[in-house]
Amino acid sequence: MNSPTRTMTNPFNLRHFLKAAIIPAMLLITTGCLLGPKYHPPQGSTPAAPNYKESTVNFQDAEGWKVASPQDSMLRGKWWEIFNDADLNALEEDLNINNQNIKEYFENLMQARAVIREARAQYWPTVTTSPSWQRSRASGTLSNSFVPNAGSTGTSASGAATNSGQQSTNWSFPVAVSWMPDLWGKIRNEVREAQYAAQVSAADLENERLTEQASLAQYYFEIRGQDALQVILDKTVEADQKALDVTQAAYDAGVDDYISVVEAKATLEAAQSADINVKVARAQYEHAIAVLVGKLATDFSIPARPELRSPPSIPVGVPSELLQRRPDIAAAERTLAEANATIGIGYGAFFPSLTLSASGGFESSSFTKWFTWPSRFWSIGPSLSQTIFNGGLYRAELNQYTAVYNSDLAAYRQTVLAGFQQVEDNLAAVRLYSQQIERQQAAVKHAEEFLQLEMGRYQTGIDPYVDVMTAQTTVLADQQTLAVIQVEQMTSSVTLIEALGGGWDVSQLPTPSQLGAKPPKSETTLQH
């Protein structure tokens, strides 16, 4: 018995479906609108000055350090090698491999890259299937009734029972295809948003890498400074011990007062206390480096090597290059581009969505006839959906996206301003520390000369021992100050390199196509 109506007139043909629906829709995509404002990098942030202010003033007074001229080669790659320290080079290599913060930011980048592929998946149709088998029996207390479209088997087209107490079996293998063409650029803007977000993650990774590298270099030079200070304090303790012995001998011989012995003991004990305190700071810097290179502080040590040096000549380039060299500025600019793409997504919400869908498959009450040609079924048809009223939701969201863009623009400009401030700050610091070191070296020299003269006057009985202690205290304080200034100059030079972006520039930022490519399996494997 044939059904009163037919749900299909021609056999299902995938090739005809592609020609009739998908291919025209693809043409709509290529010629469709891309809504939203066109992105332009922010203007007016590049400085007009040919050189940094602090790189050109008062250098005739500083002999210990010179800024490299702008035409000198820029820092590239392993910037720490400019210090010519093999131990520092080895530690930096360990950091690049084992630092856990860098690994965390790398995995954030891998996540952002996966989001790009998730967004791009919307370009393609979604194909689903849900094979099923069902055995059912109708209630035996229902009256028989005529059901339209029922076949000769006494079941409806869907396989439901039409007679009370009747049992039925349904084998089904449906396949559904659904596709939403990107008529208004919503998906393209989502892909661009994901690409820009991945570039932000890539720049954040490089910024974190630079931060960790600079921290290690600063801690390393702090340790070398503590080692040098340890030597100064060890010599001071030794000298104070000899002075106490001389004073004690003079007192025992009856040629000096006991107050001189007490003063000598107090001076020695103060030096011993400072000597111990240096060990505390060094241990903490050493433990901090262990964390940076991904090792347990318990099993890590850096051999002592007293060393105080002047920083090398650092090529700073010209101000107009800074925007291309700092990863944090690049991240702020890419964040701005991401916000711009989000505005395009907001515009797309105002327009209707077109969905092309098709379904087909095989359905039978018998397994042996499941995949026979008469058991086929299919349907096809487009649909449009459009929100008529939602209380101004889309307009409010668009206003929100615009405010986010404006906020990101202000954050970008603030990052640029802070970048130039940091460069100028550290240029001034390194330059002025050079001048201060010269003065402090002269102070140490004269303090040592004064101590020798005062010791001679004490030994001849002209001056009391308190004058000797005062001279010794002055020498110690001046030597400590000199060591501290030299360490601060070295750490400021590291901070200057960090402010300049290290050896990075924006050409190293991965392109959207590179970020959208499938990463190797080694980078997506679950780690333990």
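Predicted model: local features only at pLDDT ≥ 70, side-chain atom pairs only at ≥ 80, totals over all residues.
## A walk through the chain

Residues are numbered from 1 along each chain as its sequence is written, and side-chain values use heavy atoms, leaving out hydrogens and water.

So who does Arg-282 pair up with? Its side chain meets that of Asp-227 in a salt bridge, at 2.4 Å from N to O (a salt bridge is a side-chain nitrogen of Lys or Arg within 4 Å of a carboxyl oxygen of Asp or Glu). Asp-227 sits in helix α4 and Arg-282 in helix α5 (residues 258–292), so the pair ties together parts that are 55 residues apart in sequence. Helices (H or I, at least four residues) and strands (E, at least two) are DSSP runs, numbered from the N terminus. Asp-227 counts as buried too, at 4% relative accessibility.

By that rule there are 21 salt bridges. Another one joins Arg-326 to Asp-328, with the closest N and O atoms 2.7 Å apart, and both of these residues are buried. Then there's Asp-463 with Arg-457, at 2.6 Å from N to O. Here Asp-463 counts as buried at 15% relative accessibility, whereas Arg-457, at 37%, counts as partly exposed. Salt bridges that share partners also build one network, which includes Asp-227, Arg-282, Arg-224, Glu-307 and Arg-309.

On a 1 Å grid over the protein atoms alone, a cavity is a set of points where a 1.4 Å probe fits but cannot get out, and lining residues have an atom within 4 Å of a point. The largest cavity holds about 70 Å³ of space, a volume being the space filled by probe spheres set on the points, which are joined across faces, edges and corners. Helices α4 (186–252) and α9 (465–499) each supply at least two residues of its lining.

Last stop: Thr-355, in strand β4 (residues 353–364). Thr-355 is buried, at 15% relative accessible area. Leaving aside neighbours within four places in sequence, its contacts (heavy atoms within 4.5 Å) include Trp-179, Met-180 and Pro-382.

Definitions and conventions. Buried < 20%, exposed > 50% of the residue type's maximum accessible area, 1.4 Å probe, protein only. 1 Å grid on protein atoms, 1.4 Å probe; cavity = no way out; pocket = protein on both sides within 12 Å on 5 of 7 lines; lining within 4 Å.
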